[in-house]
Amino acid sequence: MTTATATATASATTATTTARAASRPRLGPVPVLWLALLATPLAAGANAPVLILPDMARALGVSGSTATWLVASYAWAMAVGTPLLAGLLRRRGLRAALRVASALLVGGTLLVAASPWLPLTLTGRAAQAAGGAGLTAVAMSLAGSARRMGVISAGFGILGASGPLLGAQLAHAVSWRLSLCVSVIAVLAVPMVSRYATASATPTTPTTPAASAAPTAPTAPTAPTAPGTAPGGRFDVRGAALLTAFVTALVLLPHAPVAALGSSAVAATLLALHVRRQPDGFVPASLIRKPLFLGSALLALALSGSYFTLLFSVPRLLADRAGWDAGTAGTGQLVALLTGSALSWLLAAASARMSRVAVRSVLVGVGAAAAAIAVFASWGPLLLVATVGGTFAATGANAVLSMHAASSAPDPQRPTAIGLFALCYQLGGAFGPAIATALVLAA
């Protein structure tokens, strides 16, 4: 076979392959309900132990205060796992992030289901949370709009509100271990999300006939990646480790203030120096210097902290100020949480027609009003209104401000921006219970 014949044959084969690829039906964006299924079970898993901690403590042979580390370890792994898995999504693409996150979630669930000892159970809970955080980072990266992100965020609120009751019912019917395994249902969405996301990825532009006339060495096909990812490149291990140390110190701040404060200061200083030396590393310098990103992330942290403070304070306030019993207070709070979560979707849907200043004014106004009502109100229904407002502000912030934060970053950094934003939001979940304990629960 002559060189000209071989070249013509190769060109014909390439053209045929390109034509076949073009003729294949391309799927549209990932349906938002699949994204919600991928992300929201994390919230149910986080809140499932709230009402069954005494049962868990007895089964593991530890004190009630020691059993609370099953909640703290989950919160820590959520906070740490979100930027780490978002970094994996950015560097290695969608499939790698889905595989690692799914393996962590399934492996952690198996540990929780079978482990008879607290240390192994804590390890399993942390793995569950890190895996769920990774799946959540993928879902948020694929949302693409505030309206679709609003569905995911509202689902977070609804499942988070239902988590304690769901956990108690499963523990009563079967076992407390089953209550801690509810987040594993997120893996049911992984095949469909992978299928839609990879099928809708932008195909490689075919070469021109003139360019293809020159024979070239064959190359291995590359797997499509999620929109906004930049596969390849060396992973910034030091930056990831320093961010993990900083977040760990912050999460421990309510439990060991003096040691955590000193550790967080040291970790923050080392992280800042590292970012200056490696501005394109795990924490991009260009991203954290942008006012839009910083303003969105810090406002989400404040509103999340206020929401979680209300979440833990209002049942006690309903009992002390309004004389409500535990059952009535729990039912009322559940209705309030579901209402606030549903209303937040309306803000997310309307945010495309609102300016950023208007959206932030609504969030800050409602969040501040909710906090003020909780401080001064003594009428039970009014305290529930505060819960609705706090839930609306925090859940709406998660939906809308995450899109603002992502829009401040170039496409390759979007998963990183969403991961760091989610980290700030989840730190509010670590600070809120401690604030509630200091101001209300310890009184």
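Helices here are DSSP runs of H or I with at least four residues, numbered from the N terminus. You are looking at a predicted model, in which local features need pLDDT of at least 70, side-chain atom pairs count only at pLDDT 80 or more, and totals for chains, interfaces and linings use all residues. Residues are numbered from 1 along each chain as its sequence is written, and side-chain values use heavy atoms, leaving out hydrogens and water.

**Stop 1: the pocket.** Select N47, V50, F308, L311 and F312, the residues nearest the centre of the largest pocket, which has 49 lining residues. A pocket is an open set of points on a 1 Å grid over the protein atoms alone, where a 1.4 Å probe fits, with protein on both sides within 12 Å along at least five of seven lines; lining residues have an atom within 4 Å of a point. Now colour α20 (414-441), one of the elements giving two or more residues to this lining. With nine residues, α20 provides the largest share.

**Stop 2: the core.** Next, pick L38, V138 and I152, which touch the most other members of the 84-residue largest nonpolar core. Such a core joins buried Ala, Val, Leu, Ile, Met, Phe, Trp, Tyr and Cys residues through side-chain atoms within 4.5 Å, buried meaning under 20% relative accessible area with a 1.4 Å probe, protein chains only.

**Stop 3: W176.** Finally, go to helix α10 (residues 176-179) and select W176. W176 counts as buried because its relative accessibility is 9%. Show D55 too: its C-alpha atom is 7.4 Å from that of W176, although the two are 121 residues apart along the chain.

Methods. Buried means under 20% relative accessible area, exposed over 50%, partly exposed in between (1.4 Å probe, protein chains only).
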